[in-house]
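Hi,

Here is the structure I promised to pass on.

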Amino acid sequence: MKQKQNFKKSLIRPIFNAIIGLIMLLSAAIGAVGYFEFADALKQQYTEAANGIAENVALGIDAGKLDKYLESKKADDEYNTIRNNIQHIADAEDCSVIYVAKVHRDSKEREYIYNVVSKTSGFSPYDMGFRDEVSEEFLKVYDSIVKGESELHNFMYARKGYTTSVYPVKDDSGNAVAIVGVVKNMNLLKTAKHNYIVKIILIEALIAVVSGIFWTVYMRRRIVMPIRKLNEASLNMVEHLEDGTSPEIFVKNDDEIRDLADSFSKMYHEIGEYIAKLEKVTAEKERIGAELTLASDIQAHMLPCIFPAFPEYDEFDIYATMTPAKEVGGDFYDFFMTDENHLAVVMADVSGKGVPAALFMVIAKTLIKNYAQMGKEPGEVFNTVNRLLCEGNDAGLFVTSWMGILDLESGVMKYANAGHNPPLVKGADGKFEYLRSRPGFVLAGMDTTRYRQSQITLNPGDRIFLYTDGVTEATDGDGKLYGEERLVSLLNRCQSDSAEEMLRDLKSDIDSFVGSAPQFDDITMLMLDFKKRKTGENMNERVFPADDSALRDVLAFAEEELEKVQCPTKTVMQLTVALEEVFVNSAHYAYPEEKGQVKVAIAFDEENRSVTFRVADRGVRFNPLEKEDPDITLSADERQIGGLGIFICKKTMDEIGYTRENGENILTMTKKI
Amino acid sequence: MTINKEKNNGILTLAIEGRLDTVTAPELEKVVNEETADVRELILDMKGLEYISSAGLRVLLAAQKKMNKQGVMKLTDVCDAVMEVFEMTGFADILTIE
């Protein structure tokens, strides 16, 4: 994770720049001040020198002869001597020009008497009597000298590198008759200035670089490096936390950065502890989550979910589904046989959601099933279950439930309602309609509640649809409810034959209605399709001694039953003949030693208009149907006596079957009438 | 079941009324065995017979076998239901039904 530190980005750059800049500025200021002081001192020195020279030259001049020289323009020996003296001074004192001139105030001119240039100056001297113009400034100075206000005056031309001093030449009466001018070179000033500036800059640069480097290194050690360390430690924090190692964040100097490092260390350790704690909490949460999933699994499997649920019963078709809104839901359905002839169906909705509702659901479901299987009727079941649920119901949960027990033989369904929405029943007219009855109070609400029981008779082809409010209160994106009207119209429109297909169609209609809106409540539905009444068990059954002498009673019993269903005479004979054959068969062969009994049962299937006989004995295992049929094409003399009885049965009956169950030979015959 | 016997000139006519089943068949069998010793022609009047089971068929078959040796046997006025049993069992081909 080490990052190459980019100088452009580093804190060192502004620090370095600031230090260099600051030192340069400081040096420039000091240099400037020093330079000007030095230059002033030099200038002063030069001025004084020039002044002295001017004064000396003036003293050596004979003021009285000056006018004579100007008139004659002729040099005499004295003139030449003075001139040589002046020349000597000019060379010795490095004065470019020394002159003595008379000033003509009117024409603003200077008329030179002596004009000497030094050998090194490179100028050429003016001849005696040469005139040149003077500046106003010069005239002013001249005026003040003439008036006696001042004697010595100096003109400084520092930039041009020279200074000029003027001094009056006075006659005996003290009047200024001429002016001495000394133009002194300031070579030293020039060269000194140059040297000084170069030196200053060099020293400045040196100091700037050295101190810049020093400060930068210092700052780097003191600030940048600790910050980089901190940065690295921050970058690698997760790795350190994973390894369980401690990042190195030692800072030598006790300053703000060390405080920061200490805070970081503290934060690091606290985060470590926090993560450890979080891990523990998360693991706990995961464990709870896994257990909840398991619980919801168990709950889902508590509801009967293997379809077809009762393949041995063709009297009805049942299908149910539950789509929980949360992991564990509060809705449940149930169906079970309370005995061979009674089917119980339950639809319920526990108040609340989640684990408490699920636990309550398990209790309620178990209690209802237990009491129903004890043979109690729905009203009684609710009375008892309600009382039991009220005990210790501190959470104040309750259950709405609808329960019905259908007698498969008669089609009578007894039911009770504990605050649940009524089911829809499809009757003879083919339309689903609500089975309204005044519901009792919810289960687990009040322990004194008594539940009223009602009943309805279902005919073959009738259907009953139980559901919870999750169906009608399914909500689409706009908050619109699915509603009873839509439910009823869909059920009426539904062409599906089987209960399962109907519920599937309904569920997909709800799904398409809801769209992507979230599901708020469990959606639970149960469809019971009553296909036909049970006939097997409502057979009229009688027990006869296994003896020919009982035959008359057997046939009388059969004829009596057949008369009830208005059986045609010819069929009556066929049926009674068949019954006789089977009964006699049992009487003759079932009990070779002691005498036994034969059970004869007769049933009528209204729907198919068919009669079923069942003849059962507890004798030796014998299946008469296995016997070979007699050859009916033989002549009378060749024909064997016997074997005809079962043959007649096979010929006249629509169905004939044999089973051996629980030690009984059971022969069943069915014929349409 | 009732059986009316009428014997005339070696012709025995038995008019059977009621049911010929496991219980009554032995009665007919007994009559046939006792009365047909010198009979050439046995006529079974089935007009009153409304019911016949395999036990009855057995007696008829036995009678037919016996009469085949000493003469003829005829059945008269067989009702539809009984006739159907005869046809079903092949007896219609064995017996002489008028």
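(Buried means 20 or more other C-beta atoms within 10 Å of a residue's own, exposed means 12 or fewer, and partly exposed lies in between, with C-beta atoms placed from the backbone.) B:N9 is not a glycine, yet its phi is positive, at about 55 degrees. It sits in the loop between β1 (2–8) and β2 (11–20) of chain B; helices (H or I, at least four residues) and strands (E, at least two) are DSSP runs numbered from the N terminus.

Some housekeeping: this is a predicted model, where local features need pLDDT of at least 70 and side-chain atom pairs count only at pLDDT 80 or more, while totals for chains, interfaces and linings use all residues. Residues are numbered from 1 along each chain as its sequence is written, and chains are lettered from A and ligands numbered from 1 in the order in which they are written.

Chain A has a residue of this kind too: A:D94, in the loop between α3 and β1 of chain A, has a positive phi near 55 degrees and is not a glycine. A:D94 counts as partly exposed because it has 15 C-beta neighbours inside 10 Å. Also in chain A, the peptide bond from A:F307 to A:P308 is cis, with omega near -5 degrees. A:P308 lies in the loop between α7 (256–302) and β7 (316–323) of chain A.

Now for the contact between the chains. It takes 22 residues from chain A and 19 residues from chain B, where two residues are in contact if their C-beta atoms, placed from the backbone, lie within 7 Å. On the chain B side, α2 (54–70) and α3 (80–89) are the elements that give two or more residues, and α2(B) provides the largest share, 8 residues.

Helix α15 (residues 644–652) of chain A packs against α3(B) at an angle of about 105 degrees, with the axes 10 Å apart. (Axes are lines fitted to C-alpha atoms, for helices over the stretch in contact, and angles run from 0 to 180 degrees between N-to-C directions.) That makes the two helices, α15(A) and α3(B), roughly perpendicular, a term for angles of 65 to 115 degrees. Here A:L644, A:F647, A:I648 and A:K651 meet B:V85, B:M88 and B:T89.

Best wishes

Notes
Angles under 35 degrees count as roughly parallel, over 145 as roughly antiparallel, 65 to 115 as roughly perpendicular and the rest as oblique.
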